Amino acid sequence: MNFKPEGTVGVKPMEYQETTEDEFESFSYIISHDLKSPLRAIQILTDWIVRENADRLTESGKEHLVLLQDRVKRMDHIIDAVSRYSRIGRVKIEPESVDLNQMIDYHILVTPVPDHIQCIKKKPLPVVRCKRALVTEVFQHLIDNAIRYMDKPEGRVEIDFSEEKDFWRFSVSDNGPGIDEKYHRQIFKIFASLHGRDDGQSRGVGLTLSKRIAELSGGRIWLESRKGEGCTFFFTLPKDENRN
Amino acid sequence: MKNNKPILLVEDDSVDAMTVRRALKDIHVLNRLDVVKNGEEAIEYLENGKESPCVILLDINMPRMNGIEFLKAARAQSLVERIPVVVLTTSKDDQDIIDSFKLCVAGYILKPVTYTEFIETVRTINLYWTLSELPH
């Protein structure tokens, strides 16, 4: 777990006993470091070319450089997503007692929620033993998605839960555009979600991460929705706090 | 910066070094920028340099001696007791962040992807270390 490539790709201490686990660790380290550095260099050098040659570049030249920077940003986003995905579950986080009310209230407080959208808890949420950072991330993704895609003049995002025998079931529902049933499985898949959008805010990356977190925590995630009728995302967490 | 001592940048990537140099110039920071390419060179610089830097900007992922190894060696030799070390890296790795703070870094900042953001980052570092007192 502690192996860090010493500098350039593939250079490592001779005495190091490599295992599959460590190989994976160094792989994700390479993704986040060695792929990002040249990418940042491309972005910054392009920026300087544009700044210093604005009067000499042709219109098509400028357009190509804008497209180039746009693709670099997209690549950066993909690297972040893949790197984040590979890190979930690899970092040791101890379960702790978490007041979900505080967690959700804080997230809503620091999130720029447009005036026409109301974010509410349907009833006071429980205090659960869980890995705080991971569960926070799931709620963040679900709430942020509900806000981002809201298309109604009076938007409503509701957070609710039910207590089952062995697990908690949480839900985040909205009255937004809804999701066609044929996409219900696809939106959780990483590569499906990484394609397409240029704004770096693909809905699916967050959902893919949420699915991984839910499953690594011993729960699951799913949605109920029909196109045009809003949607509700559910996820469960086992009550057995010592799991994982 | 609070004083006119040089800034030491420990960075192996020449474009990143150019970026820091250019950003400092663009925001009119007058401190000299000294650049070394890895932890070993940084140790040598601190051992032999006539003037100690006001701030060290430290990359993590470098050949020969990386940033964490540099911090361990420099702390062991008491080379950076009076110098704030600000990590400037691409690494979002939790272990790197934990290791850095265990070794008493003054900050841990991710290198931005765009030059505009890079300028803002360097501006913030400069503002902070202009406001904060520094040991003589």
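Which handedness does the crossing of α2(B) and α3(B) have? I opened the notebook with that one, keeping in mind that this is a predicted model.

**Entry 1: two helices in chain B**

I looked up the pair and found that α2(B) and α3(B) cross in the right-handed sense. Helix α2 covers residues 39–48 of chain B and helix α3 covers residues 67–76 of chain B; I noted an angle of about 25° for their packing, with the axes 9 Å apart. Angles under 35 degrees count as roughly parallel, so α2(B) is roughly parallel to α3(B).

Next I listed who makes the contact. From α2(B) I wrote down B:Gly39, B:Ala42, B:Ile43 and B:Leu46, and from α3(B) I wrote down B:Phe70, B:Ala73 and B:Ala74. Sorted by class, the contact has six nonpolar residues, one polar residue and no charged residues.

**Entry 2: the sheet in chain B**

I then turned to the strands. Chain B has an open sheet of five strands, and I read their order as β2-β1-β3-β4-β5, with parallel pairing. At the edges I found β2 (33–36) and β5 (107–110) of chain B, each pairing on one side only. Neighbouring strands in this sheet are turned by 20° against each other on average, ignoring direction.

B:Leu88 has B:Ile109 of β5(B) as its bridge partner.

What packs on this sheet? I found helix α1 (residues 14–26) of chain B there, touching β1 (7–10), β2, β3 (55–58) and β4 of chain B. The direction of α1(B) makes about 175° with that of β2(B).

**Entry 3: the sheet in chain A**

How do β6(A) and β7(A) run, parallel or antiparallel? I checked: β6(A) and strand β7 (residues 231–238) of chain A run antiparallel and are joined by five bridges. Along that pair, A:Ile221 stands opposite A:Phe235 in β7(A).

Definitions and conventions. Residues numbered from 1 in each chain as written. Chains lettered and ligands numbered in written order. Predicted model: local features only at pLDDT ≥ 70, side-chain atom pairs only at ≥ 80, totals over all residues. Heavy atoms only, no water. Axes fitted to C-alpha atoms, helices over the stretch in contact; angles between N-to-C directions. Helix = DSSP H or I, 4+ residues; strand = E, 2+ residues; numbered from the N terminus. Parallel < 35°, antiparallel > 145°, perpendicular 65-115°, else oblique. Left-handed = near helix turned anticlockwise from the far one by under 90°. Contact = heavy atoms within 4.5 Å. Nonpolar A, V, L, I, M, F, W, Y, C, P; charged D, E, K, R; others polar. Pairing = 2+ DSSP bridges.
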